[in-house]
Each structure stands twice: as structure tokens, then as C-alpha cells.
Amino acid sequence: MTKLLKQNIAAHISLSATEMEEFCNLFQHKTIKKKSFLLREGEVCKFEGFVTKGLFRVYHIDKNGFEQILYFAIENWWITDIDSFTTGTPSQLFIEAIEDSEVLLIDKKDKEFAYANLPKIEKLFRVMTQKTHVALQRRMIDNLSKTAESRYIEFTEKYPQLIQRLSNIQVSAYLGITNVFLSNIRKKIAVKK
């Protein structure tokens with residue numbers, strides 16, 4: 001169960017076998033059925049998770065009832081509401097399984113234990129936080145400066161393994177466009193080919 005987690009950690013930092021086992025032992029395995037929630041708006045997020053199987057969507061519902069997908073998480077990706085987890089405030093997000101899924105979860109107490117007893121773990125989360133900030137900044141710039149068509153094309157090129165697992169509605173909610181507009185973009189691209 002922790003093999004994928006260990007590979008992910010090793011891609012970011014170097015731990016001894018003992019340190020790796022000690023850190024991985026802090027995680028709890030959880031199975032989440034399709035359409036079930038790992039987190040709902042209003043709950044306090046008490047975990048950071050690592051997806052070992054399946055697919056999740058992290059989203060917010062705006063005041064008009066429209067779903068806004070912040071990101072998806074598939075195997076080998078991390079998932080949380082970092083705001084709620086860090087501050088202890090109620091979440092504004094939903095984390096829902098799109099497929100039957102499995103995650104490894106670490107709570108705040110165990111993460112703090114790891115920081116205190118396995119100093120390299122702070123570097124792991126610092127590196128991952130930096131990568132997340134870069135990705136979010138790039139996404140914000142893309143949303144402000146690129147057309148929906150170019151964002152869609154880049155999304156399909158960057159995440160071909162993901163696009164096949166998502167519905168048109170989910171893709172359009174991620175891109176911030178209507179499903180009808182996404183259909184028009186796909187038709188336009190098909191005509192060009």
C-alpha cells in the first residue's frame with residue numbers, strides 16, 4: 001500500500017529506510033467509494049492525503065450554485081484543503097471521489113510529530129508546497145491570459161491519462177466554462193484536424 005508513497009517521497013528527498021518506514025507508518029489507509037466525500041464544505045480538514053488508487057475532484061460551489069473545480073487528484077498525487085488543514089477553519093471545499101478510490105491520510109498531530117522527529121520531512125513538504133504554488137500561479141495566469149480553447153488543448157496535452165477519466169461537465173467546471181462552450185471548442189478542434 002505504501003510503495004507508491006515511498007516512490008513519491010524518494011522523488012523529492014532522500015530518507016534512510018528507517019526514516020521512510022517511520023514516516024509511512026504515520027499514514028492511515030482509507031477506501032472511498034465513488035461519489036463519496038473525503039471532505040465536505042463546512043467541515044474542518046484534518047488530513048493531508050496521498051492518492052494510491054482512483055480519482056478525486058476538489059471543488060467549491062459558488063453563490064449561484066455553480067461548481068468550480070480547483071483540481072483533480074489521481075494516483076501519486078497529494079490532496080487536501082490546505083487552508084482548512086493549516087488554520088483549523090471550516091472548509092470551503094468539497095473533496096469527492098469520482099471513482100472508487102484509496103488514500104493514505106496523515107493528520108496534523110502526526111505531521112507535526114514527523115517534523116519534530118524526522119527533520120527531512122519539513123523539506124519534503126516545503127518542496128511540494130513550492131511546486132503547488134508554481135502550478136497554481138501558472139493556472140491563474142493561464143486563466144487570465146489564455147483562451148478557453150488554448151487552456152483545453154493544454155489540459156488534454158498535459159494530462160492525457162486524466163482527460164479520459166473525466167466527464168465533459170467535470171472538464172468544463174475545471175476550465176471555468178459551460179459544457180456547451182466546451183462542446184463547441186471540441187467541434188472546432190475536430191474541424192481543424
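Two strands count as paired when DSSP finds at least two bridges between them. The model itself is predicted.

So, the sheet. It is open and has 4 strands, in the order E2-E7-E4-E5, with antiparallel pairing. Which strands stand at the edges? They are E2, residues 37–39, and E5; each has a single partner strand, so one side of each lacks a neighbour in the sheet. On average, neighbouring strands here are turned by 25° against each other, ignoring direction. As background, the strands of a sheet pair through backbone hydrogen bonds, in a parallel or an antiparallel way.

E4 and E7, the latter covering residues 94–97, are joined in the antiparallel sense over 4 bridges. If you want a place to look, find valine 58, which sits opposite isoleucine 95 in E7.

In soluble globular proteins, nonpolar side chains tend to be buried together. The largest core here has 22 residues, and the members that touch the most others are Phe72, Tyr152, Phe155, Leu162, Leu166 and Val171. Which elements give two or more residues to this core? Two are strands, E4 (55–61) and E5 (67–74). The others are helices: H6 (148–158), H7 (160–163), H8 (168–175) and H9 (179–192). H8 gives the most, with 4 residues.

Setting aside neighbours within four places in sequence, leucine 162 is in contact with Leu55, Phe72, Ile74, Trp77 and Phe155. There is also a second, separate core of 20 residues, and Leu15, Phe23, Phe50 and Leu104 are among them.

Is asparagine 8 buried or exposed? Its relative accessible area is 7%, and buried means under 20%, so asparagine 8 is buried. Again leaving out neighbours within four places in sequence, asparagine 8 is in contact with Phe50, Asn76, Trp78 and Met128.

Last, the largest pocket. Its volume is about 1,700 Å³. The lining consists of 50 residues, and those closest to the centre of the pocket are Tyr71, Lys131, Thr132, Ala135 and Leu136. Which helix supplies the largest share of the lining? That is H5, residues 120–145, with 14 residues.

That is the tour.

Methods: Residues are numbered from 1 along each chain as its sequence is written. This is a predicted model: local features need pLDDT of at least 70, side-chain atom pairs count only at pLDDT 80 or more; totals for chains, interfaces and linings use all residues. Side-chain values use heavy atoms; hydrogens and water are left out. Buried means under 20% relative accessible area, exposed over 50%, partly exposed in between (1.4 Å probe, protein chains only). Contact means heavy atoms within 4.5 Å. A nonpolar core is a set of buried Ala, Val, Leu, Ile, Met, Phe, Trp, Tyr and Cys residues joined through side-chain atoms within 4.5 Å. Axes are lines fitted to C-alpha atoms, for helices over the stretch in contact, and angles run from 0 to 180 degrees between N-to-C directions. On a 1 Å grid over the protein atoms alone, a cavity is a set of points where a 1.4 Å probe fits but cannot get out, and a pocket is an open set with protein on both sides within 12 Å along at least five of seven lines; lining residues have an atom within 4 Å of a point. Grid points are joined across faces, edges and corners, and a volume is the space filled by probe spheres set on the points.
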